[in-house]
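Subject: Structure for your review

Dear colleague,

Please find the structure below, together with its sequence. My notes on what was found in it follow.

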Amino acid sequence: MAINSPDVVLSCNNLGAGYSIKAGYVKAVDGVSFEIRRGEFIGIAGESGCGKSTLAYAIMRLLKDNAGISEGEIIFKGKNITRISGEKMRSIRWADISMVFQSAMNALNPVMTVGEQLLDAMLAHKHISRKEARKRALEMLRLVDISQERFDAFPHQLSGGMRQRVIIAMALLLQPELVIMDEPTTALDVVVQRTIIEKVQELKDVFGFSVIFITHDLSLLVEITNRLAIMYAGRFVEFGPAEAIFLEPLHPYTRGLMSSFPSLTGPITRKGGIEGKPPDLLNPPKGCRFGPRCSDRVDRCISAYPDYIEARPGHYVACHLQEGVRNEK
Amino acid sequence: MKSDVILELSDVTKHFPLQSFRRKGRVVHAMDRISFSLRKGEILGIVGESGSGKTTTANVISRIYYPTNGRVVFEGEDVHRKMKRTVSLEYHKKVQMIFQDPFASLNLTHTVRGILERPFKIHKLVQGKKEIELKIKEMLVQVGLDPPEQFIDKFPHELSGGQRQRVSIARAFAVNPELVLADEPTSMLDVSNRMSIMNQILNLSESMDVSYIYITHDLAGARYMSDRIIVMYAGTMLEVGAAEEVIQQAFHPYTRLLKSAAASPETGLKRKRLVTKGDIPSLIEPPAGCRFHPRCPFVMPECSMELPEMREISDQHYARCLLES
């Protein structure tokens, strides 16, 4: 799927990552390939345990000791960062690729003021004076609509939405090329969530960074992203333009997810959701990972894993049923 | 009011006193003058952001909290009167709860059997070990945990989130309740499970004819589930009416804001949104007048004077707002 063009910021080729635990090896990310271009807003949707956070941590090279990248490569701006040393990675991390963590409420140090934490990040990476750093930090806070007096506030003095905006300011402080957002708004209320997303989009237009936005809220992703990946049990099952996926989902899992959200304005119909639960990644099913839960499955789904098919330009899907459609054509 | 009203709240207020020395004497205004009624078999959705008082409302109805002011009347009698143990037990049998977090609301040292036999034993509904066992299995099948033999001896940690929530639902419906209070029953679940849990609740309340208070922050979910919707904000009710009416003809600016903030791709990807600033206000010192006025895009000078009265917008559709239309 990877296309080599100069404005590709990051590409993952056949990336695999997993954890060793007592019971065996959990391959949480398996054969994931995608590329993200400058200024692009990519979404990754999936249920909990589908590997979306592991993927984010793998790209950041922040996997814990019992975990690691088992195969594939991560190319950041033409440079392979899959196995570079921790020292080298540290200079890239935050300066070029930054991350907004899932529980941003807890990502701030409770005993340091907000301003001090912002300065810390900046002084660790850039050789600038404290005064200069302070000026930039204040400017960043202004951009996320936080007043200057809050510079000396402690995290507990801020509301959830404000803390989240501080985290976003921190992620953008060094003007990275790529920001990975791992469920940045899940713990927030809808209204606050909306303001924060709008802020991110606005800042993206100003600074021109790319965003990988990870969440389980598919309907939100459809609205805000350019391209969308649907992840299930460690693999991308469908990847393509957000609007195309919304209007005509090709994978049965995507269709199931779509029917899991009641609509706000459309007719009220009893919707199904998806029966069953995701597979145990210690012993994943041999064929299609979604096979055991899929209502349209055929024999082939249980025996062999489907390859990606480009069903429409730029719209990939891994499903045996789509092969059939294409052959008939 | 019609005679089939089973629950009625009139001007119920709940204030929590602050304990710290510095702020002694001040209170958190968790619920202010909440009034509504619930008919038999009706499903009422309560929608609001966190801190809006939705959960406090459920806890007052279930006698976990006593209101500071106002009355809650269930089947013609005051809920918060002094009750004998047997009467209070009877009330708790009729009014059941489903909690938000299925990981915390099931006793992790008990098996599914242990969890589900307690309601039968406490309320002495069925006698004899065999009969209870039979009832438990029947309940498990009803909530979609089929075959029951596979689940009855499991501990909560051996079940998935969705299955655990089904056990909580089975526990709530086991005693033939008349009113079930569900406090965000799907918000901790995976998206693929939410729909089937919502359907499960709908099916059970239809077949057993129970009334339902469904608390959520998800407007679309409330629309899917409920007959009527109440919109709450910072401890006050802002709008109430038939579900379709409240959503499609939203009157209060806050309801409109909620609607515009909700992700709904089918109404167009680039639709115009209402914009707002700020957060939910402090409940210790709530803003004077309408509690939403500091964030309201249509704010007028009168809005900060006093809390507007509920006023009928159209048939059975009320809103607490001074705007003309």
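How many bridges join strand 1 of chain B to strand 2 of chain B? Nine bridges link strand 1 (residues 5-17) of chain B with strand 2 of chain B, and the two run antiparallel. Please bear in mind throughout that this is a predicted model.

The sheet in chain B

The pair belongs to an open sheet of four strands in chain B, ordered 2-1-4-5, with antiparallel pairing. Its edges are strand 2 (27-39) and strand 5 (77-78) of chain B, each of which pairs on one side only.

Chain B as a whole

Chain B contains nine helices and twelve strands. Its C-alpha trace spans about 70 × 50 × 45 Å along the principal axes. A compact globule of 325 residues would have a radius of gyration near 20 Å; the value for chain B is 21 Å, which agrees. Of the 325 residues in chain B, 46% are buried. Where contacts in chain B join residues at least 6 apart in sequence, 64% of them connect residues at least 24 apart.

Helix 3 of chain B

Helix 3 (residues 112-122) of chain B has V112(B), I115(B), L116(B), E117(B) and P119(B) as buried residues. They pack against helix 4 (129-142) and helix 5 (161-173) of chain B. After helix 3 of chain B comes K124(B), with a positive phi near 50°.

In soluble globular proteins, nonpolar side chains tend to be buried together. Here the largest nonpolar core has 178 residues, and A169(A), I180(A), I230(A) and I213(B) have the most contacts inside it. The element that gives the most to this core is helix 6 (residues 160-172) of chain A, with eight residues. As for I230(A), leaving aside residues up to four places away in sequence, the residues touched by I230(A) include A45(A), G46(A), F236(A), V237(A), H251(A), Y253(A) and L257(A).

Helix 5 of chain A

Helix 5 (residues 130-143) of chain A has 14 residues, which at 1.5 Å a residue should span 20 Å; the C-alpha atoms at its ends are 20 Å apart, in agreement with that expectation. A137(A), M140(A) and L141(A) are buried in helix 5 of chain A. Viewed down the axis of helix 5 of chain A, the buried residues fall within an arc of 100°, and therefore they line one face of the helix. What covers these buried residues includes helix 4 (114-125) and helix 6 of chain A. On the face turned away from the buried side, helix 5 of chain A carries the exposed residues K131(A), K135(A), E139(A) and R142(A). Helix 5 of chain A is followed by D145(A), which has a positive phi near 65°.

A hairpin in chain A

Strand 11 (residues 309-312) and strand 12 (residues 315-317) of chain A pair in the antiparallel sense over three bridges. R312(A) is opposite H315(A), which lies in strand 12 of chain A. Two residues stand between the strands of this hairpin, and G314(A) takes a positive phi near 75° there.

With kind regards

Conventions. Residues numbered from 1 in each chain as written. Chains lettered and ligands numbered in written order. Predicted model: local features only at pLDDT ≥ 70, side-chain atom pairs only at ≥ 80, totals over all residues. Core = buried A, V, L, I, M, F, W, Y, C linked by C-beta atoms within 7 Å. Buried ≥ 20, exposed ≤ 12 C-beta atoms within 10 Å, placed from the backbone. Contact = placed C-beta atoms within 7 Å. Expected span 1.5 Å × (residues − 1). Arc of directions from axis to C-beta. Rg over C-alpha atoms; globule rule 2.2 N^0.38 Å. Pairing = 2+ DSSP bridges.
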